[in-house]
Amino acid sequence: MRTAVVQFPGSNCDEDAVKAVVSVMGASAELVWHTTADLSAYDLIVIPGGFSYGDYLRSGAIARFSPVMAAVSAAAARGQYVLGICNGFQILTEAGLLPGALRRNESLQYRCELVDLKVENANTAFSRDYVAGETVRIPIAHGDGNYYVDEAQLAGMEARRQIVFRYASEYNPNGSVADIAGVVNESGNVLGMMPHPERAVHALLGSADGARVFSSILTSWRDAHEHVNA
Amino acid sequence: MNTSTLDPSAREVRERGIYRQFGLTDAEYARIVELQGREPNYVETGIFSVMWSEHCSYKSSRRLLRRFPTSGPMVLQGPGENAGIVDIGDGLAVAFKIESHNHPTAIEPFQGAATGVGGIIRDVFTMGARPIALLNSLRFGPLDDAHNRYLFGHSVAGIGGYGNCIGIPTVGGEVVFDERYTHNPLVNAMCVGLMRHDQIARGAASGVGNPVLVVGARTGRDGIHGATFASAQDPGAKERSAVQVGDPFMEKLLMEACLELIATGEVVGIQDMGAAGLTSSSAEMASRAGSGITLDMARVPCRETGMTPYEIMLSESQERMLVVMKRGQEHVADAIFDKWGLEATVVGHVTDDGLLRIVEGERVAAEIPVTALVDEAPVLERPSQRPDYLDALKEAPGDHFAPRSRAELEADVLALLARPTIASKEWVYRQYDSMVRTETFVRPGSDAAVVGVPGTKRALAMTTDGNGRQVYLDPYAGGALAVAEAARNLVCSGAEPLAVTDCLNYGNPEKPETYYLFERSVDGMSDACRALGTPVISGNVSLYNETGGQDIYPTPVIGMVGLIAQHEHITTSAFAVASHQVLMLGRVDAPLQDGLGGSEYLAMKAPDEALSWRLPAFDLTLERAVQSACLDAIRAGLVQAAHDVSDGGLITALCEAAIAGGRGLAIDLDVALGQALGSESSRPDGSGANTRGQDLITRLLFAESPSRILLAVADADVEAVRAIAAKHKVPMVTLGQVLAESDFTVQLHGHVALSLKVDTMETAWRGAISEWMR
């Protein structure tokens, strides 16, 4: 399985994503520069956290125009897995690859802490190693994580089971609509989440609950591969 | 020499006393004329004024700084470079430094604090190290004042805004609130970096003809004379234009580009442009190499049009570096900086004439011997006089303010926990990304932060500590205590302390009493550094923290880094396992003699008397032994959790340990005192008027006697810990037990002296600062 971690100027969780892929999936991951025009060689594309281009405009609003994003869109259309974490989630919504938008936290402050998440849908390629309804601990670190969709969109997403993670334990750290922490696209191959699964991959980091996002992808990829090979 | 027609002439500089506006004295100006052999022109006067400012020249402090121990077997780079470096074995090294940004913060807290962070990060990556952690030590006035809340809130936002964006975790620090900091807040930022020995870069401009490059951001008109203003009192009267503006995105690119450039091996020298910008970076790089530098102002990329040599040389625009490359290798810098979308521009070259020569095209705008700027900078012998108040301090205070009843005592404990200085700093650190880089093993809130060393089983513990009130009450002991507490915090995390970086914040050094406090506290710190084997490898001095004649407390802040040999040794302050015993290393009975002098409790209960009583006794030999015993016990795998007793005394340490562990504690002081005093005196209620009843419990719970560490230890391991304590000749007593339920009780004289729920304490402690900042 081949993984690309996209590196924008200002990405700062790029190396962490590589480390998590290597340690959890036992596979290599390559950093690809934001000028890359072709990502067809990869099975998984991670858009990591950080402050792409400084995020001096709306978070992710500049990055969506970078050359690599056309390649990401093409990859998503081909069915390759795309995982956007934090700033990556913001970029994917700005690029229209995921529904909704991420606004300033309701507190108007940056928040970094371990939070409880409820696994809402354990039937996606990114969450199949979780148990539906279970509560897991994964850290957040963002200033603009307040997810918004209107009521009609929300109803559609609920019906299509696009909500994968919700903030749990009656603590919504940013004001997100319906406590939404992570969503998947309609085809099920693009996931965006504000919490950082790559920061919760072994006990020394305070939680290993994020590892299953990466193991889920690997399992999904193997299944698809065996299917193709068979 | 030609000068720009826009600048005043050399004669006008003298006749109109322009040099005085730049902060130079008449005597200094006369000395400059002597060194130059002529009257300096406007540009030269500006350059001298910043280089000879307190901020750049350390003229009031240089003599004192020589007293610090600065060498040791692990020290790879001591003071004098952009940051110090210590060896951590296996070819790896740690670079770190702390620096103040007090004066800019007082004027513009968001940018002042943010650029403090930016500057210290550059100091560390300049050495070739990858920054891996940030800490910050903050002091503000009380939160009941709206302006203090503004300064505090915006400083925290500025620190977060910078560190979060650049992607270096902010893992620790401290915040203290006191009236003395109302007009002069302190923001001291520390950065820790990791490197291989072969990656060490230095700031020397050697090799005649080698090109000198300005890399990173363009030069603008911001921050001109920032260093000069940082060396004057009354920050409120200063100009906002002297405050720099930070761009963490630019710095992230600059950091990546510089580390990539240094790794090529084609860099001769590299230096951050911090205070006094191009002026100090070029003069210092030439000074270190004994060379000269010629810079052409016409080639410096500027953000604004029409900038004069004076403005370019004195600008403190952020996110810029000065780089000397090997001749002919400029293209290496070009390629790397181009990839990161940055400029790398050759603006001059290294010479062998010992001159800092500033040209603008063909015109020479300034020409100054480098030695005149650096070596000939004034070193002052400030008069020193012991303040009278030190001799008027009273011995162990009377306890007339002791709570009269159990209910009052419980209310006092909750009130103490809600004091912003004692309360949880979660409101602060949840605004900082403490986890990026995924090596943060102990996040903010424990005794020290712990950050892993990638690819090894080792980790680094780091902390900042300082208690200005203690230094005010006893500058020698207070200075030593700051070092001791920092080391104690590292030891409680399972680390062996390695070295110190210090940020020395004081008032106006021209006052003999202030200078005395500075001098004596440096002596105290120096002796403690020697006793604990932690040399000073870098640091910074901030003077003139004074407004309206009122100085801040003398506030040396100690940044310290320690090495944890194995992940298994990482220890936190969370007493988390029910049935474990609560032990104390050190003297539980010390408060009976020491009293409450210098304590946060006294400051709360009797603010008018808080500065009337002497500090508890401090013995460096006992301190060292307590720390050795603690570290030995941790390394032997006998300790579940450890927490040092400091601000707020024993009760605060117990509450913090209980809250962090989510457990109750049952503390029996009768047993503890019996063990400490022997069976003869096991009924201390008969031991004299000063130590009876409520007085006794007040002292035991709230005194801030040093050299004490609490441990949580399994029953089966208690004897082994006792043996280690005995080996180090350290007193050890059993204070009580960790409980499964959330009751927190303290027993004395066979009665329950205090009984609270951990939840109640936690609410008071955790919510206090948020409540103020709503």
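Q: How many residues of domain 1 of chain B are in contact with domain 2 of chain B?

A: Contact means that C-beta atoms, placed from the backbone, lie within 7 Å. In this predicted model, local features need pLDDT of at least 70 and side-chain atom pairs count only at pLDDT 80 or more, while totals for chains, interfaces and linings use all residues. Residues are numbered from 1 along each chain as its sequence is written, and chains are lettered from A in the order in which they are written. Here, 38 residues of domain 1 of chain B meet 41 residues of domain 2 of chain B.

Q: Where do the bounds of domain 1 and domain 2 of chain B fall?

A: Such bounds come from an automatic or database domain assignment. For chain B, domain 1 covers 1–67 + 203–377 and domain 2 covers 71–200 + 463–570. Their C-alpha centres sit 25 Å apart.

Q: Which element gives the largest share of the domain 1 side that touches domain 2 in chain B?

A: Helices (H or I, at least four residues) and strands (E, at least two) are DSSP runs, numbered from the N terminus. On this side, H11(B) leads with nine residues.

Q: And what about the two chains: how many residues does the contact take from chain A and from chain B?

A: Chain A gives 21 residues and chain B gives 21 residues. The largest share of chain A's side, three residues, belongs to S6(A).

Q: What is Ile45(A) in contact with, leaving aside its neighbours within four places in sequence?

A: Its partners include Ala4(A), Val6(A), Leu39(A) and Val72(A).
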